[in-house]
Amino acid sequence: MKKLIKNGTIVTSSDTYEADILIESGKVVQIGRNISEVDAEVVDATGKLILPGMIDEHTHIESPFGGTVTAPWKTESVAAAIGGTTTVVDFALQPKGKTLMDGVDRWKQRAEGSSAIDYGFHIGVTDLRDDVIEEIPTIVKEGIPTLKVFMAYKNDLMIDDATMYKTLAAAKDEGALVMVHCENGDLISLLQEKCIENNQTEPFYHAVSRPIEVETEATYRAISIAEIVGAPLFIVHVSGDEPAEVIRAAKAKGLPIYAETCPHYLLLTIDELKKPNFEGGKYVCSPPLREQRHIDALWNALKDGTIEAIGSDHCAFNFNGQKELGKDDFRKIPNGGNGIEHRLTLLHTHGVLEGKLSLNKMVDQLSTTPAKVMGLFPAKGTIAVGSDADIVLFDPSKQQTISQSTSHQGLDYDMFEGFETTGAPTDVFLRGKQIVKNGQFIGQLGDGQFVRRNAFGYCYDTIK
Ligand code: URP
Ligand code: ZN
Ligand code: ZN
């Protein structure tokens, strides 16, 4: 049956206006004032903002990582839906010695039938053999036009500069985009050993062993390699001032560099890592949380367009049994935190309501630009005739306090515990099907579909 959303205010990355939306067969088929359609279920959006479904381009769901496995699709996709996210692009990893497609197939098997929302995959390149380079055109044709490389995690995921060059060159030929984790893994390994030699084993030393300089240096190196190749580059989870400055300078030179930060880098400081009784371990992620000056710099970088996307880097491990693996040695704490559920409401509270972002800019950075860079636009990331009816009704005055006890992630703690938020999704539609009603999940695991994404060149010119 058709659906007609009436009486709300549509907010896209460029416009805010009152109009009704008619949905048929999962798509938006008409937008206009006072649409009267007898043959449709009417959804009243009085007092609500109508947003495109949020796109989270950076998640690690049900992923083996750091010697353990992150929280599963069946909980995290529901948490995402309740938080207003209708599509995630998750990081699949090439198993060492295997093909890229092996990695994708493993991730697809886990998500299929278990995801409440749509999903795509990036493929993390861990073992770039010649046959793997030859596989890149196939992987792009399969709808996976984004490759990920890690400059950190020595002896595990880290690649060297030559591999980065080769990955960028092969990706460029196919119109694929390389995403990069910028931290100097060699130096981190050395600094970690020094800490351990000095008996500095607590979570705080995770941050000490990963100073901003290791991120700044790697950011500069990654951009330099991309410049030599002449390829675009997407820098994930930028955590501070100097790396943002390097990106700003690269953009000023006209280089096609794109960047993302995450809610935890905008809202939490390094002090969290000092919490007693190993509680600091809950906040161990890479790059690490940093001082207030970096937070201020990141908000400025969002404002001036140096950073254009805000992904969650949701990589959720329980405190009990998982984070605890590093109780006696911070190097063994699985890296990562949560954010898949709270991204929109946190950015509305601390971005829009504190005057740091306009509503349109929030939509742009959480949905439209990620959709464009990830090859999902215009089917996703906007509300337009012909786009998927991935739609969020958002109550801008709804007050909540974030707590593990009320969050829907499959986790025994919440990095944002106690944060008071204003504004929350109330109703969420995935390709026209209502999956969240009055803040409650009413969809089904398996509603989510694998989304084949377009190669990067497809929307290159539309990204500002
Ligand atoms: O600490 C983090 N960020 N964990 C997830 C993996 C990554 O590096 O993105
Ligand atoms: Zn990373
Ligand atoms: Zn990540």
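Start with the aromatic rings. In this predicted model, a search of the whole structure gives 10 aromatic pairs. To look at one of them, select F121 and F450. Their ring centres are 6.0 Å apart and their planes meet at 20°, so this pair counts as stacked; the cut-off for stacking is planes under 30 degrees apart. Two values are enough here, because a pair of aromatic rings is described by the distance of the centres and the angle of the planes.

Now show the elements on either side of the pair. F121 belongs to strand β12, residues 118-124. F450 is in the segment after β21, which covers 440-441. The pair therefore ties together parts that are 329 residues apart in sequence.

Next, select ligand 1. Which residues surround ligand 1? They are H58, H60, F65, Y153, H181, H237, C285, S286, D313, C315, N335 and G336. Colour this shell by class to see 4 nonpolar, 7 polar and 1 charged residues.

H60 places a polar side-chain atom 3.2 Å from an oxygen atom of ligand 1. For H181, the distance from a polar side-chain atom to an oxygen atom of the ligand is 3.0 Å. On D313, an N or O atom of the side chain is 2.6 Å from a nitrogen atom of ligand 1. How much of the 260 Å² that ligand 1 exposes when taken alone is buried by the protein? The protein buries 100% of that area. With a surface displayed, look for the space taken by ligand 1, which is the largest cavity.

The peptide bond from S286 to P287 is cis, with omega near -5°. P287 itself sits in the loop between α9 (263-267) and α10 (292-303).

Go on to F377 and P378, which are also joined by a cis peptide bond, with omega about 0°. Here P378 is found in the loop that runs between α12 (359-373) and β18 (391-401).

The last stop is R431. Is its phi positive or negative? R431 is a residue other than glycine, and its phi is positive, near 40°. Look for R431 in the loop between β19 (420-430) and β20 (433-437). As background to these last stops, most residues other than glycine have a negative phi, and most peptide bonds are trans.

Definitions and conventions: Residues are numbered from 1 along each chain as its sequence is written. Chains are lettered from A and ligands numbered from 1 in the order in which they are written. This is a predicted model: local features need pLDDT of at least 70, side-chain atom pairs count only at pLDDT 80 or more; totals for chains, interfaces and linings use all residues. Side-chain values use heavy atoms; hydrogens and water are left out. A residue is near a molecule or strand if one of its heavy atoms lies within 4 Å of it. A polar contact is a pair of N or O atoms within 3.5 Å; within protein, one must be able to donate a hydrogen and the other to accept it, and residues adjacent in sequence count only if both atoms are side-chain atoms. Accessible areas come from the Shrake-Rupley method with a 1.4 Å probe; for residues, only the protein chains shown count as cover. On a 1 Å grid over the protein atoms alone, a cavity is a set of points where a 1.4 Å probe fits but cannot get out, and a pocket is an open set with protein on both sides within 12 Å along at least five of seven lines; lining residues have an atom within 4 Å of a point. A molecule sits in a cavity or pocket if more than half of its atoms lie within 2 Å of its grid points. Ala, Val, Leu, Ile, Met, Phe, Trp, Tyr, Cys and Pro count as nonpolar, Asp, Glu, Lys and Arg as charged, and the others, Gly among them, as polar. Rings of Phe, Tyr and Trp (its six-membered ring) pair if their centres lie within 6.5 Å; planes under 30 degrees apart count as stacked, over 60 as edge-to-face and the rest as tilted. Helices (H or I, at least four residues) and strands (E, at least two) are DSSP runs, numbered from the N terminus.
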